[in-house]
Amino acid sequence: MKILAPFQKRKTDRVNSEIFSVSRRDFLKASGLLTGGLVLGVSFFSCDDKGKKVATVAPNVYLTIGSDGKVTIVAHRSEMGQGIRTSLPLIVADELGADWTKVEIIQAEGDEKKYGNQNTDGSFSVRMFYKPMREAGAIARLLLLRAAAKEWNVDVDQLDTKNGQVIQRESSKKKDFGDLVETAKALPIPKASEVKLKDRQQFNMIGKETPIIDLHNIVTGKAVFGIDAVVEGMKIAVIKRCPVVGGKVKAVNDSKALAVPGVLKVITIKGAGLPATLSKPLAGVAVIAENTWAAIKARDLLEVEWEMGPNAGYDSAKQIEELKQVVAQEGTLRRKRGDFNAAKANAKKVIEHTYIAPYLAHATIEPPCALAVVKNGSCEVWACTQNPQGARDAVATELGMAVDKVKMNVTLLGGGFGRKSKPDFILEAAILAKESGLPIKVQWTREDDIRHDYYHAMSVQRIVATIDSQNKLSGWAHHIANPSISATEDLSVVQPSDGELMLGASDFPYNVPAINIATHDAKAHLRIGWLRSVRNIPQVFAAATMLDEIAEARGMDAVSNALELLGEDRHITFEQELIKTSYPNYGEKIEDYPWDTARMKKVIQRVAKLSGWGKSMPAGTALGFAAHKSFLTYVACVVEVHVDQNKKISIPNVYYVVDCGLAVNVDRIKSQFEGGAQFSASLALKSTITVKDGQVEQGNFDGYQIIRMPDSPKQIHVDIIDSDAKPTGVGEPPVPPFTPALCNAIYAATGKRIYTLPIDLSF
């Protein structure tokens, strides 16, 4: 396996090209990748290291096969540790029958016309592109089979592909892919209707464990992340940003900063004001220098007078107290089943609690950074971006250029979690490159990252549950208040969107006679963004810890309670109970991806068995359970907790069972769940952002803490359901059930219920 750095030029760069035969329009249209215009298959030729001409055939945008036997596959999604630069090319290679050890992976630049949606967010890369990537490999495979059939004068049905060769099943005949390129070039590209995809039994890699292709380069320091991007003459910029969202630069004294050796320029960035839109950077003053040290030292010496704006008096603690009162009211009803008031009036027992979760930062280990070069009316960018097309569009708009004048090179990402889908840091680099006339890399420090994030919004929720005289859960009322993501673009938005609400609230799947889901006003005072699993984090924390308390009140264990409440095997749509609210279903048709109670019950039953649910445990040690479907994936989680005499929490074991449909790369699925448990442990035990006088109070990992190795879960067990169903997401589903499972385990071990995050055992 050979991997090129994300923007490294190949030694055999294309030096000429020829348009051949027919268009790929049918294939691209069928795959949902064609947005308009004529798309032609192009046969490229170049020269190898010895100057020898190498012909290639490129039957689609993802795949090129050379006469030298090289198979090159384009990775068009952003790699941030989730392994997508392995999983998507792996699908192509397996369907093609390529020799994986001889496949070369190159990273695509941001280009919607070529690659369709490249926004690597929402756990939908495999789900969205599984079929198109298989079709890409299958079309190339059929082309090679037809080329071999022509050369050997045999029927195509006698042939197959394996390990980079076409073979004849009933003989010892075989031919390398490269030897068939010249013949294949003259053939028409197969239509999608002519292509037959492999049966699952024919897969060699799909469904197996394949290490990520970047692993060796990462551990040896050769991998190129955003922070590693370099061009000749590059200068470094750091920015002093307004500490309050919506503030502006009033005056600047830069004399001391300019006196620092190596400092070249000081440039003011106007910023967006309010709303703090995604398409504009924050207001600030940039220092451009020969090196990072000089830039940071000079930034410290800048004297900036700020006009703080309307958020200057904002206090997050006060807003939480206000929202506690707000959620005690009726609110805006968004989902209704039955008569909750009657259920409450006739209840044998009513359980009511308010659940609080703080603002959260993404805290990616690699802070945001981007390199931009602006010259001759065009701009080229190298960035650790999850959304290269969105960033490309934003840069084009900001610089007043046509989109095709902006080239967006995608590096590896040292973590993303949704933060690097925002283009603000990329816009900063482009603006400064244009203003200075220099190649500029904008480097955020950890303090910049923590204090100027697109934060995961705080949340205040009230849940009221009623138990009737038959010991049944008869009513469920869930009241929610949190600043909406949409408020970053539109300050008038004060309630959660349908998409936010479906993440653990309006998608409540349990068979309860009366359900009310209501939302309440909450104004945004910070830039709000999505973080790994988004509103599932606080909403499932509240719902799943309440379910555990309901189980106890009913005299049942939590697993039995969940299985009973899920009811008979059925598909749920929710739509008929929604009030002026839709159910987006993660962008998929509900008939294609229904909420299937049977699949959820299966993962719950299996995790109970895997974890030894119900077994006796030593004092201070207990198991906690939670289950949730997110990003179309069913997950059940059991967390084992030990709390010692000093109230110190340790997590010896975490058990996950996951149904994500067909498992494409088992290695990456397990890795995502292992990382998801660590990520979730940080949020549950350590992380919080607070705001005073409009300014974030935390500035580094001393204030905004993430889990350290001594406190992290020790053993994480991941069991994957074998399935032929359509693939679903795996990046975010590990997160939602972990925190409530942890909180429920803490209660079982200590007798203390958790209603506020991060967890505090000072009782």
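Biologist: Is F129 buried or exposed in this model?

Modeller: Start with the cut-off: buried means under 20% relative accessible area. F129 has 1% relative accessibility, so F129 counts as buried. Keep in mind that this is a predicted model.

Biologist: Where does F129 sit?

Modeller: F129 belongs to helix α4, which covers residues 125-152. The C-alpha atoms of F129 and L88 are 7.5 Å apart, although 41 residues separate the two along the chain.

Biologist: How many residues of α4 are buried?

Modeller: The count is 23 of the 28 residues. That is why α4 is described as largely enclosed by the rest of the structure.

Biologist: What span does α4 reach, and where does α4 bend?

Modeller: Take the span first. At 1.5 Å a residue, 40 Å is expected for α4. From first C-alpha to last, α4 reaches 39 Å, which is close to that value. Now the bend. α4 bends by about 35° at K131. A proline, P132, follows within four residues.

Biologist: What comes just after α4?

Modeller: N153 does, and N153 takes a positive phi of about 60°.

Biologist: Let's turn to the surface. Which residues form a nonpolar patch there?

Modeller: L215, I218 and V219 form one. Together they have about 270 Å² of accessible area. Take L215 as the example. L215 lies in helix α6, residues 215-219. Its relative accessibility is 43%, so L215 counts as partly exposed.

Biologist: Which parts of the chain does the pair K692 and D315 tie together?

Modeller: The side chains of K692 and D315 meet at 3.1 Å, N to O, in a salt bridge. K692 is in strand β30, residues 691-692, and D315 is in the loop between β15 and α9, so the pair ties together parts that are 377 residues apart in sequence. Check the accessibility of each partner. K692 is partly exposed, at 41%. D315 is buried, at 10%.

Biologist: What about R334 and D498?

Modeller: R334 forms a salt bridge with D498, and their closest N and O atoms are 3.0 Å apart. R334 counts as buried, at 7% relative accessibility.

Biologist: Finally, the whole chain. How many helices and strands does the protein chain have?

Modeller: There are 19 helices and 32 strands. Of the 763 residues, 61% count as buried.

Biologist: What radius of gyration does the protein chain have?

Modeller: The value is 28 Å. A compact globule with 763 residues would have one near 27 Å, so the chain agrees with that. The C-alpha atoms fill a box of roughly 80 × 75 × 50 Å along the principal axes.

Conventions: Residues numbered from 1 in each chain as written. Predicted model: local features only at pLDDT ≥ 70, side-chain atom pairs only at ≥ 80, totals over all residues. Heavy atoms only, no water. Helix = DSSP H or I, 4+ residues; strand = E, 2+ residues; numbered from the N terminus. Buried < 20%, exposed > 50% of the residue type's maximum accessible area, 1.4 Å probe, protein only. Patch = residues over 30% accessible without salt bridge, like charges linked within 9 Å, V, L, I, M, F, W, Y side chains within 5 Å. Areas by Shrake-Rupley, 256 points an atom, 1.4 Å probe, with all protein chains shown as cover. Salt bridge = Lys/Arg side-chain N within 4 Å of Asp/Glu carboxyl O. Expected span 1.5 Å × (residues − 1). Bend = angle between axes of the 7 residues up to and from the residue. Rg over C-alpha atoms; globule rule 2.2 N^0.38 Å.
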